[in-house]
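Thanks for coming, everyone. I'd like to walk you through one model today.

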Amino acid sequence: MKSRIALYTLAASLAFACSSAKETNLEETPKLSGNPIFDGWYADPEGIVFVDEYWVYPTFSAGFTDQLHIDAFSSKDLITWEKHANILDTVAIKWARQAMWAPAAIEKDGKYYLFFSANDIQRPSRDGWDPNNDINHFGGLGVAVADSPGGPFKDHLGKPLLSEFYNDAQPIDQFVFKDTDGTYYMLYGGWSHCNIGKLNADFTGFELWDDGELFHEITPEGYVEGPFVFIRNGKYYFMWSEGGWTNDSYKVAYAMADKITGPWKRIDTILESDTTVATGAGHNSVIQKSGSDDWYMVYHRRPIPNEGRDHRVTAIDVMEFNADGTIKPIKMTFEGVAANPILE
Ligand code: FUB
């Protein structure tokens with residue numbers, strides 16, 4: 001009998017030990033995302049919510065000739081990120097030969113569209129120009145389409161959506177924004193110029209403005225590239241990157257206006273190098289948790305020490321507002337953000 005009691009006692013202590021180990025493990029489950037939020041060199045992250053998931057679409061940060069594909073990442077809670085490899089590549093986009101950059105995703109009528117830049121085109125010389133034989137001058141902005149946010153995406157047009165230069169803006173770094181009246185606008189532009197255009201209904205081109213122009217320039221003071229727009233409490237916010245993307249001068253500034261066309265007046269820098277955390281922070285996007293006033297800045301930054309031009313990682317930090325609607329400077333962290341599932 002004694003030995004049976006001893007056996008029961010041993011079994012009970014083992015069960016207790018196991019259950020408390022389980023509890024300890026639960027305790028140890030990370031409650032913060034950490035930064036970077038996923039492994040690998042990734043820049044220009046565009047964050048967006050689709051249904052009950054957070055999605056991030058970044059540039060694969062590498063030499064231009066190695067930037068031949070785009071990966072995406074999804075998360076239910078901002079903590080655990082699933083990689084969706086190769087959602088778009090140069091096999092699907094025949095005219096893209098290098099430098100696939102800055103993807104921007106949006107849903108319309110049940111389809112998912114992924115806008116991107118390719119080839120890092122320089123200004124074409126018009127005389128005798130042959131687009132099929134000119135890697136430096138053919139490409140620009142493209143659009144791909146899929147039935148789900150994780151692709152696979154197919155070329156929507158079989159050619160660039162935009163490959164011309166307007167108002168001296170290099171056709172890169174496009175962002176697509178659906179306004180409250182249902183109009184889809186594209187903001188884009190490198191080389192310190194930002195244009196805005198109105199996409200047509202099937203995303204095959206642009207509608208003219210009332211003055212007959214295809215694009216209007218809305219460049220704010222300091223703008224270099226990487227535009228992003230969102231609305232909060234009826235106010236429009238425009239964010240962009242300043243400085244040089246290859247070094248620690250890179251940073252983010254913003255403006256506020258009553259409508260998408262501005263006027264946009266620079267208010268302040270809100271994200272910049274912090275030598276205790278990371279440098280070269282920029283090319284950001286913003287995620288709002290659906291139905292809440294929880295806001296996050298998603299951006300890339302350079303780890304310290306930074307050992308290569310393309311060593312950029314994707315990070316997320318909380319974004320907070322002052323009572324007057326202006327944005328508090330973002331505090332970059334190693335810890336990242338707390339779990340915030342969309343479905344709770
Ligand atoms: O990642 C390639 C380029 O670097 C982007 O298009 C720019 O915005 C800069 O982040």
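This is a predicted model: local features need pLDDT of at least 70, side-chain atom pairs count only at pLDDT 80 or more; totals for chains, interfaces and linings use all residues.

**Overall picture**

Of the 344 residues in the protein chain, 53% are buried. Buried here is under 20% relative accessible area, exposed is over 50%, and partly exposed lies in between, with a 1.4 Å probe and protein chains only. Residues are numbered from 1 along each chain as its sequence is written, and side-chain values use heavy atoms, without hydrogens and water.

The secondary structure is 1 helix and 20 strands. Those are DSSP runs numbered from the N terminus: H or I of at least four residues for helices, E of at least two for strands. Now contacts, meaning heavy atoms within 4.5 Å. Among those with a separation of 6 or more, 52% join residues 24 or more positions apart.

**Salt bridges**

Side chains of opposite charge can pair when their charged atoms come close. The rule: a side-chain nitrogen of Lys or Arg within 4 Å of a carboxyl oxygen of Asp or Glu. The count is 13.

Take Arg123 and Asp168, with closest N and O atoms 3.1 Å apart. Arg123 sits in the loop between strands S6 and S7, and Asp168 in the loop between S8 and S9, so this pair ties together parts 45 residues apart in sequence. Arg123 is partly exposed at 42%, and Asp168 is partly exposed at 39%.

Next, Arg232 and Asp293, at 2.9 Å from N to O. Arg232 belongs to strand S14, while Asp293 is in the loop between S18 and S19, so the pair links parts 61 residues apart in sequence. How accessible is Arg232, buried or exposed? Arg232 is buried, at 12%. Asp293 is partly exposed, at 46%.

Third, Asp258 and Lys235, at 2.5 Å. Asp258 is in the loop between S16 and S17 and Lys235 is in strand S15, so the pair joins parts 23 residues apart in sequence. Asp258 is exposed at 57%; Lys235 is partly exposed at 33%. There is also a network: Asp52, Glu53 and Lys76 are joined by salt bridges that share partners.

**Pockets**

On a 1 Å grid over the protein atoms alone, a pocket is an open set of points where a 1.4 Å probe fits, with protein on both sides within 12 Å along at least five of seven lines; lining residues have an atom within 4 Å of a point. Volume is the space filled by probe spheres set on the points, which are joined across faces, edges and corners.

The largest pocket holds about 570 Å³. It has 23 lining residues, and the closest to its centre are Ile48, Val49, Phe230, Val286 and Gln288. Which strand gives the largest share of the lining? S1 does, with 5 residues. By class, the lining has 17 nonpolar, 3 polar and 3 charged residues. Nonpolar covers Ala, Val, Leu, Ile, Met, Phe, Trp, Tyr, Cys and Pro; charged covers Asp, Glu, Lys and Arg; the others, Gly among them, are polar.

The second largest pocket holds about 170 Å³. Its lining splits into 5 nonpolar, 3 polar and 5 charged residues.
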